[in-house]
Structure formats: C-alpha cells, structure tokens
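Okay, thanks for making time, everyone. Let me put the model up and walk you through a few spots in it.

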Amino acid sequence: MKKISAFALIILMGLFLAACGCTDSDTTKVDVNSTQPETQNNSPSITVPEKTNSPNTETESENHTQTDSAPKKILVAYFSHTGNTRVIANQIHEKVGGDIFEIVTVNPYPTDYDSVVDQAKQEQEDNYRPQLKTKVENIDSYNVVFIGYPNWWGTMPMPVFSFLEEYDFSGKTIIPFCTHEGSGLGRSVEDITELCPQSTILDGLAIRGSSVKTAQDDVSEWLREIGMTE
C-alpha cells in the first residue's frame, strides 16, 4: 500500500513540475512576443524609418516652418544685361518687399549682342568666375533670397555663379527666376542646387524677355503658388 501511495505521490509531483514548466515556457513566449518583438518591431518600423526620413522630413518641415512662421527677411538679387531681368526683379520686389540688389561685374559685358554671346560661351567653357563689383552687406540677415538672371547658354551667367559662391546660403530659402527666349530655366536650378546644397530651393519662374513688361499677373500667381504672398 505504501509503495502504491509513494508511486502515486511521485506521479503527482511529476505532473505538478511538468505543469509549472509549461507555464514558465508559455509565459516566456508571451513575454518575448509581447515585449521584445514589439520593441524591436517598433524600432525599425517606427524609429529607424523616422530617423531615415526624419532628416528630410524634419528639414523640410523646419525649413517650411522657418519660411512660413519666421519673419521673412527678403533679398531680391539679380544680374541683368539687357534690363529684362531687372524688370522682373522690380516686379517681385514691389510685391514681396525686402531689399533689392543688382549683381554687377567689375568688367562690364559688351553691349553688342554677338560679342556678349561669344564671351558668355567662352566663360562657361572655361568655368570662369567674373569678379563682382557690388557686395551684399549682412547676407546673414536674410533668410529668403530671390536670385534672378537671364538664361545664357542653358544656365545662369557666370557672374551669378560668382555671387552664389561668394556667400554662405546654408539654411536659406533660394527662389530662382529668369528671363529667356525659349529655354526657360534650363539647367540653372540644378546648378543652384549644386552650388547651395544646404539651401531650400523653391520652384522658379521663367519669363520670356519679350513679355517682361506684361508679366505682373504671372509674377503674382507664381508668388502665391510658392507661398510668398497671399
């Protein structure tokens, strides 16, 4: 009888220990599945992608916030040879305010069309940087810079390259506009982006040279579209 009782007791203890082991195992699985995987899954799917996207998203958001909420300190800078780009610069300046600045070279360009075309092409082929006569004081005080130019050989005239390399535009919003005779902005926006990689470049405006005097409506619509006027 005692052997039978002892045997039954051993069986009961075995069943009890087995039950405890299963419970611990299940608990461990539940903990693993409900804690670590959530943390791990949350990290890559939420934290990591957000970190990956954060620089772009947050940078854009911060830049937009700066542009939208911070007081706009505007500079309208332009290079003009025939006067067409100056007309558009003045129209922009009248609507957005701020300061206006003309980029002028130490050595003026020829007034003869063929001569200036040849010089512009040669300067571009040589990647030449003309010396500038005019300087911007306190460029750091501006957070929005319009930059205007005629389209010469598919991009900006080389004095505009000089201008963009002369100052630090990091963190600023750059807004290009140009006058042209069929080539639009050409590759100028790509060149600005390359020269100012830490700037926010907004959509530019291209106006035909023959239309500058009647471009007020186009300028107004463009300024509204990019959020510079209401």
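So, N138: that one is in the loop between α4 and β3, where helices (H or I, at least four residues) and strands (E, at least two) are DSSP runs, numbered from the N terminus. N138 isn't a glycine, yet its phi is positive, about 55°. Its relative accessible area is 58%, so N138 counts as exposed; the scale is buried under 20%, exposed over 50%, partly exposed in between, with a 1.4 Å probe and protein chains only.

Before I go on, this is a predicted model: local features need pLDDT of at least 70, side-chain atom pairs count only at pLDDT 80 or more, and totals for chains, interfaces and linings use all residues. Residues are numbered from 1 along each chain as its sequence is written, and side-chain values use heavy atoms, with hydrogens and water left out.

There's another non-glycine with a positive phi of about 55°, namely W153. You'll find W153 in the loop between β3 and α5, and at 41% relative accessibility W153 is partly exposed.

Now the inside. A nonpolar core here is a set of buried Ala, Val, Leu, Ile, Met, Phe, Trp, Tyr and Cys residues joined through side-chain atoms within 4.5 Å. The largest one has 29 residues, and among those with the most contacts inside it are L75, I147, F163 and F169. β1 (74-78), α4 (113-126), β3 (144-150), α5 (158-166) and β4 (173-180) each put in at least two residues, with α5 giving the largest share, five.

Take I147 (contact meaning heavy atoms within 4.5 Å). Leaving aside neighbours within four places in sequence, the partners of I147 include A77, I103, V160, F163 and I192.

There's also a second, separate core of 21 residues, including V212 and M228.

Back to α5: how is it packed against α6? The angle between α5 and α6 (residues 188-195) is about 25°, and their axes are 10 Å apart. Axes are lines fitted to C-alpha atoms, for helices over the stretch in contact, and angles run from 0 to 180 degrees between N-to-C directions. That makes α5 and α6 roughly parallel, a label for angles under 35 degrees, with over 145 roughly antiparallel, 65 to 115 roughly perpendicular and the rest oblique.

Disulfides, meaning cysteine sulfur atoms within 2.5 Å of each other, come to zero.
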